[in-house]
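Please read the points below with the structure open beside them. They take the loops, the disulfides, a pocket and a hairpin in turn.

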Amino acid sequence: MLYHKNTLSVSCLFILFFYLTGCGTSERVPSPDDEPIPVNWAAAHWVSAGHLLWDADVPADSYYLYYSSDASITVYDRFVYGGESIPMEPGGEIDPELADKLRHIARRQVFTIEEERERIHEALRGQLVAVAKNEAGPPIAATHVQRHGVLDDLFYYDGTLGPVYHENGIGLNVWAPTAQSVTLSLFDSEKNKLEEVTPKETMPSDGVWRFEGPAEWDRLFYSFNVDVYHRQTDRVHRFEVTDPYSVSLATDSEFSQFVDLANDESLKPYGWDDLIKELPFPTDITLYEAHVRDFSIIDKTVNEEHRGTYMAFTHNGENGRSLSDGMRHLKALADVGLTHLHLLPVNDIASIIEDRNQRVDLDDPYNLLCERIGIDSLQENCEQYGNTPIRDVFEQWADEDPITEKIQHTYSEEWPDNHFARHDGFNWGYDPFHFNAPEGSYSTDPDGPQRILELREMVQALDEIGLNIVVDVVYNHTHATGDHRHSVLDKVVPDYYHRLNPDTGEVENSTCCPNTAAEFRMMEKLIIDSVILWAKHYKIDSFRFDLMGHHPKYVMENLLEALAELTPEEHGVDGKNIYIYGEGWNFGEVADNRIFDQATQFMTGGTGIGNFNDRSRDAIRGGFFSWTGREQGFASGRYLFPNEEAGTNRDEELEALLSQADRIRVGMAGNLSTYPYINRAGERVDGGNEWIGYALLPQEAVNYIDKHDNETLWDNTQAKLPFDLGMDERVRIHMLSNAFITYGQGVPFYQLGTDILRSKSMDRNSYDSGDWYNAVDYTLETHLWGSGLPPKWDNEDRWDEHRQFMTNENISVEKHHMEFANAVFRDQLNVRYSSPLFRLRTADQVHRRVAFHNTGPDQEPGIIAMTISDGICAGESLDPNYDGILVVFNADLEPKSVDFGLSGMKLHPILENGSDPVIRETQITNGVYLIPALSAAVFVKPMANVQGEFVCNEVN
């Protein structure tokens, strides 16, 4: 067996073939005859202080864990060169809780390690290689070692990380248990280096490197110098790296900055500490998704310096400030019920240039684009357009040809790192750099804490017009790993924060980018610490989790518990009512709970966490055009008015339409898996039948038909409709589609501009498509339909069809179409907030009160009818005005008459006096309802002096 370093026998040193007997060190120098054995992958997992998992896949007689602080280990056919070794004994058991946490590898061979904590820590600070040897001693297998588990076991830290302000000065803590050395560099406002500071303890036993300084450190910039082994390069690096817990940054995140978020009054708008919000119950929420730059970048009622920034939201008409077109738009929606503005990521983003002097934007001269890109194919344009603004050039091209390739060609990825999209100020922002600091490109001054003040001013200004704020958080991946410029976590603790392939050790990237691993404790801590920071210091009211299904369910539950500890009295925040929702998609290496119980749609029922509802989305609008082509949805003509590529088997098309109707009904019942209804076959089933419903509470269904991903609702719908359909019908179909979302139980979600027929010129993935494809014009004088073919990178395979759609003479969006759509949208939203019956809070209320009519195999195709009862049979009265509500959707091109057997109903007064004259053509004759074509009509039964009778759900 191998001897421990401190117990080497003298005799061992004199054994001629010591390298075969396996001493704790190996000093033999390799000869040309020695053949290196490749160290394959990283298939060994050090899961706790005493246990390692590894399937060596070879019959071996002994096993060792080698480590080296200088990364000198090389495995040869007869011996191991470099490093120290620790013996591993086959056998043993890991804790059942740990086994469940590591369920995807828990069946691998267990090895027991008996070693002191100090030596384990020494090993973890360097290269690690597991080696299997045969009876004679030569190695026969070797692999690198993943170390997440043992770091969790020995070095989990529950204290404060990042800057810590206290009475005696300023502290700074960084968790780096695998680092060999960490020092702190300080810089002044001009980024001149002032000094390099050593930590209080040079080898902290808990892995936390602590620095202490005077109060004068405030506002200084800083970075860490970390000496650490990195397995990706298999060597020890000295990384200069920013603080993973940075709260303020220099321009383009070159340095972190000391800032006191809690007590620095200069970073608080007037009245900030007194801003305490009373948050609504989740089913009273309506979500409207925007992007900071999209929102105002072409809004000329915002001064130029503020366009595309946090400050654009402060033009709210309050306290003597001007009222911009964009804020007027939001204010009008808030006046009829909108509660939450959802913003795409506002934390520090890796993919946006913050220094405006280094960017090229649409208002810059075309020759600046030529200068920065330097592509030969642009030179002819450079000579022709010179100082003409890029926007004017694009407008000329689009006016001449609505399907021009020239605009997208400028953005194209044919020139990987040197096209327009790499030089402008636009990106969706799903490229997290620092999780706890605001993005600098959205500030008027990205160098330092101005971004903090301005984001807070935005939050306050939205509150002044009655809107709460949601931020989109992206904890499921980082932008980079290794020694990349935009790598942070992986430079401080390499191989820890990311999920690695259990065999190869490669970083998983199923999300798009390097996946993080919240199943490990310090990544979970980072997520919870970060959300708490945004809630406390920025008064964020809700969080939308990108690709939430890549996180463990228990992490999300722990986050809810942590938020619930925030109180208005102590923290100025109503943490228990902060709404959490996200993308609970089930895919990638974590799919089907392979590694842990995921925070996916079907796993989070009962938690109160919202999940996007793709079931009713696809049923209403049809699938995304880029995925499913021209396959129609319930609202876009399936069976009722087929397009040119629809199926010819009418029975199959009818079955498909009725299936879509069932999915819509379940969705409108809060997508509850427990909701009882009669399906298209006449069977009594629950919402979970056919894997439709996944929620156990109405608030867990975030119902939507478009968001930033994929084609906008307008664009997608045009691809589905028959070519010869007129504009009036097209607009009505768009608004009918939105009505399914607005009038259903659950939490409605809309994309900014869906109420004004927003288009992105058929772009299915506008994440990097610039202001040209993403901006919103609230004057309604322009519309982006037919503004050139969308960028090549995700659209080229559909260009031929795009050309057909965007040259269709029947599609011409005019100002009056957008005005009508906006007015109808506001009417619909106003109706939703006219009665609590549209916003039921419990599954039991939905079960008893919500009923569907015109169901089963003999239903009238294209009609969905829903009643919501406040009658005696429903229990306690919720609405003092109405005994019940009837909502009828007619998705056909013709009016439909349907007998529901309901008397005493009348058209909702908001619709009776509303913006849509067609709705007013609704008639009720002896219980028979005439519903206009392509319409969603809402009827109410006024309450008399006491609660009356109204139909309840009889399927229970």
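**Notes on the model**

1. A71 is buried, at a relative accessible area of 16%; buried stands for under 20% relative accessible area, exposed for over 50%, and partly exposed for what lies in between, with a 1.4 Å probe and protein chains only. The residue sits in the loop between strand 3 (62-68) and strand 4 (74-75). Helices (H or I, at least four residues) and strands (E, at least two) are DSSP runs numbered from the N terminus. Phi of A71 is near 55°, a positive value in a residue other than glycine.

2. On the source: this is a predicted model, in which local features need pLDDT of at least 70 and side-chain atom pairs count only at pLDDT 80 or more, while totals for chains, interfaces and linings use all residues. Residues are numbered from 1 along each chain as its sequence is written, and side-chain values use heavy atoms, with hydrogens and water left out.

3. P244 is in another loop, the one between strand 16 (235-241) and strand 17 (256-257). Is P244 buried or exposed? P244 is buried, because its relative accessible area is 9%. Leaving aside residues up to four places away in sequence, P244 touches V174, V488, L489 and V492; a contact means heavy atoms within 4.5 Å. The C-alpha atoms of P244 and A437 are separated by 9.9 Å, although the two residues are 193 residues apart along the chain.

4. How many disulfides does a search of the whole structure find? The search finds three, a disulfide being a pair of cysteine sulfur atoms within 2.5 Å. In general terms, such a link is a covalent bond between the sulfur atoms of two cysteines.

5. The angle about the S-S bond is -105°, and the link of C370 and C382 is left-handed. Both C370 and C382 are buried.

6. A disulfide also joins C873 and C952, whose sulfur atoms are 1.9 Å apart. The pair links distant parts of the chain, 79 residues apart: C873 is in the loop between strand 31 (863-869) and strand 32 (882-890), and C952 is in the segment after strand 37 (935-942). With 90° about the S-S bond, the link of C873 and C952 is right-handed. C873 has a relative accessible area of 40% and is therefore partly exposed, whereas C952 is buried at 11% relative accessibility.

7. C512 and C513 are joined by a disulfide with an S to S distance of 2.3 Å. The link of C512 and C513 is left-handed, with -100° about the S-S bond. C512 counts as partly exposed because its relative accessibility is 48%; C513, at 14%, counts as buried. C512 is found in the loop between helix 12 (489-492) and helix 13 (521-538). Phi of C512 is near 140°, a positive value in a residue other than glycine.

8. The largest pocket holds about 1200 Å³ of space. Of the 48 residues that line the largest pocket, the closest to its centre are W428, Y430, C512, N765 and Y767. A pocket here is an open set of points on a 1 Å grid over the protein atoms alone, where a 1.4 Å probe fits, with protein on both sides within 12 Å along at least five of seven lines; lining residues have an atom within 4 Å of a point. Grid points are joined across faces, edges and corners, and the volume is the space filled by probe spheres set on the points.

9. Which element gives the most to the lining of the largest pocket? Helix 16 does, with three residues. By type, the lining of the largest pocket divides into 18 nonpolar, twelve polar and 18 charged residues. Nonpolar covers Ala, Val, Leu, Ile, Met, Phe, Trp, Tyr, Cys and Pro, charged covers Asp, Glu, Lys and Arg, and the others, Gly among them, are polar.

10. Strand 12 (residues 179-187) and strand 13 (residues 193-197) run antiparallel and are joined by four bridges; two strands pair if DSSP finds at least two bridges between them. L184 has V197 in strand 13 as its bridge partner. The hairpin of strand 12 and strand 13 has five residues between the strands, and in this hairpin K191 takes a positive phi near 70°.
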